[in-house]
Amino acid sequence: MIPFVYFTVIGFGVLSVVYISLSLYSRAVRREKLEAKWEAGPKLINRDAFVKRGLEKYDSSIRRKLILGVYIGPVVVIALIIYLTNFS
Amino acid sequence: MTTVIKWVFWVTFWVLVAAFFHYTLPQRDMVRVVDTFEQRVDFGENSIFWASPDVGSDATAINRDVLFIQAVRDNDRVMVYRNEDTGWSWPPYFKFDTKNLQTEAADLKSTKADPQWAVITHYGWRNEFLSIFPNAISIRPVVGPDAGKGIPWLNIVVLLVFFAIIYAIWVRWRRFKAARITPTLDAMEDGIAEQREGFSRWLGTWRSKK
């Protein structure tokens, strides 16, 4: 039981680091893109308001939720390995 | 001299990487199972080459019984496999079915006169000087020694991904070096040369004027 707890806790920790880094990076990229878009556009509204609105849209988008795959992917792979090693 | 040190370092590094993959990645042997046995093992300096006790049992005991599978390979050389759970630790085979595997292996026992061939998937090394054994992962019967062991897809994928990552890091490092480190070093060298000039000029002010 103890090795399993170690494995899940450490695995969760490592994946969380990856998840958080990836989230921050992805948000920063989106912010840069929005800023570039504002520069190129007709500049009808304030720059900060434009970026803020874009980021809010991004926060509720499916793209952002896809980053959760960082957790799902390894779990699926491990389940597959367990099946192949022990039950086939 | 620095070139020699560089070479020694990188050759050592890549030999270790190769040894790591050779030990950890699965390999397949065409074998005939001769017998199976069980023996208590007191782990000594070779303890790193043994896996973990059965999942769920006490992991703190200093010795335990280990299952072994004795086999003869298709090249007529003998091989002894250990059969241990890897459980939730390294290497990530997540093997829990040790006793089942032992039963399957025992079921495939055959004699030289009437051989039943099988493919054993295993990882690890046999080394007589350290008393270490490869760990059997799975076994499946085949019609004969010419049946083929299959294409090692997993190894191909793992190695491809590994070298892709290494290549990506290497390319970025080279770019970073060209863009940042080389110019900085050059600037530093120039700076030091200039300072030297300044220093000797300052020294000159102390020399007696002719």
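How many residues of chain B are in contact with chain A? In this predicted model, where local features need pLDDT of at least 70, side-chain atom pairs count only at pLDDT 80 or more, and totals for chains, interfaces and linings use all residues, 13 residues of chain B are in contact with nine residues of chain A. Contact means that the C-beta atoms of two residues, placed from the backbone, lie within 7 Å. Residues are numbered from 1 along each chain as its sequence is written, while chains are lettered from A and ligands numbered from 1 in the order in which they are written.

**Between the chains**
- The side of chain B that touches chain A has seven nonpolar, four polar and two charged residues.
- Ala, Val, Leu, Ile, Met, Phe, Trp, Tyr, Cys and Pro count as nonpolar, Asp, Glu, Lys and Arg as charged, and the others, Gly among them, as polar.

**Helix packing in chain A**
- Helix α1 (residues 2–40) of chain A packs with helix α4 (residues 69–86) of chain A at an angle of about 145 degrees, and their axes are 9 Å apart.
- Helices are DSSP runs (H or I, at least four residues), numbered from the N terminus.
- Axes are lines fitted to C-alpha atoms, for helices over the stretch in contact, and angles run from 0 to 180 degrees between N-to-C directions.
- Leu15(A), Val18(A), Tyr19(A) and Leu22(A) of α1(A) meet Val70(A), Tyr71(A) and Pro74(A) of α4(A) in this contact.
- By class, the contact of α1(A) with α4(A) has seven nonpolar, no polar and no charged residues.

Technical notes. Helix = DSSP H or I, 4+ residues; strand = E, 2+ residues; numbered from the N terminus.
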